[in-house]
Amino acid sequence: MKRVITFGTYDVFHLGHLRLLQRAAEYGDSLVVGVSSDALNFKKKGRNPIYSQHDRMEIVSGLKVVDSVFLEEDLELKMEYIKSQKADVLVMGDDWAGKFDFCQAICEVVYLERTPSISTTALIEVIKEI
């Protein structure tokens, strides 16, 4: 059985998130998703997420392509997460291209093209203006 792992914040869940998770699932038999903690999101993006980590984990775990979800608390622990989840493939959006190549020592690494013209940050800005 081939296990795929991916990571993300998944705040203000949108079509780009869904498509990335659907395509990630095609690389194996099961998909596990690390959802960024509220603290990690603030560290990465300088803002708190709109939805809490609990809500975001519940949304992602409710998708039929997702087999399990866990809380990602530190970007520096990717290798440990991959090992603890027994993942064979790491799938990330191409905005991270090259940044996780070091993980090739323990698993296959795939960067998928993001859905054009869709981003959480852009959606939040549109919502602010309404």
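1. Rings of Phe, Tyr and Trp (its six-membered ring) are taken to pair if their centres lie within 6.5 Å, with planes under 30 degrees apart counted as stacked, over 60 as edge-to-face and the rest as tilted. By this criterion, ring pairs join Phe 7, Phe 70 and Tyr 81 into a cluster.

2. The model is predicted: local features need pLDDT of at least 70 and side-chain atom pairs count only at pLDDT 80 or more, while totals for chains, interfaces and linings use all residues. Residues are numbered from 1 along each chain as its sequence is written, and side-chain values use heavy atoms, with hydrogens and water left out.

3. The protein chain contains five helices and five strands; helices (H or I, at least four residues) and strands (E, at least two) are DSSP runs, numbered from the N terminus. Read from the N terminus, the order is β-α-β-α-α-β-α-β-β-α. Among contacts (heavy atoms within 4.5 Å) with a separation of 6 or more, 63% are between residues 24 or more positions apart.

4. Of the chain's 130 residues, 41% count as buried, where buried means under 20% relative accessible area, exposed over 50% and partly exposed in between (1.4 Å probe, protein chains only).

5. The largest nonpolar core has 16 residues, and Leu 21, Leu 31, Val 33, Val 60, Val 66 and Val 91 have the most contacts inside it. Such a core is a set of buried Ala, Val, Leu, Ile, Met, Phe, Trp, Tyr and Cys residues joined through side-chain atoms within 4.5 Å. Two or more residues come from each of helix H1 (15–25), strand E2 (30–36), strand E4 (89–93) and strand E5 (108–112); H1 gives the most, with four residues. Another core, of 14 residues, lies apart from it and includes Tyr 81, Ile 82, Leu 90 and Phe 100.

6. Beyond its neighbours within four places in sequence, Val 33 is in contact with Thr 6, Tyr 10, Leu 21, Val 60, Val 66, Ser 68, Val 69 and Phe 70.

7. Six aromatic pairs are found in the whole structure. One of them, Phe 7 with Tyr 81, is tilted, at 5.9 Å centre to centre and 50° between the planes. Phe 7 belongs to strand E1 (residues 3–8) and Tyr 81 to helix H4 (residues 78–84), 74 residues apart. Both Phe 7 and Tyr 81 are buried.

8. Phe 100 and Phe 102 also form a tilted pair, 6.1 Å centre to centre with 50° between the planes. Phe 100 is buried, at 5% relative accessible area, whereas Phe 102 is partly exposed, at 46%.
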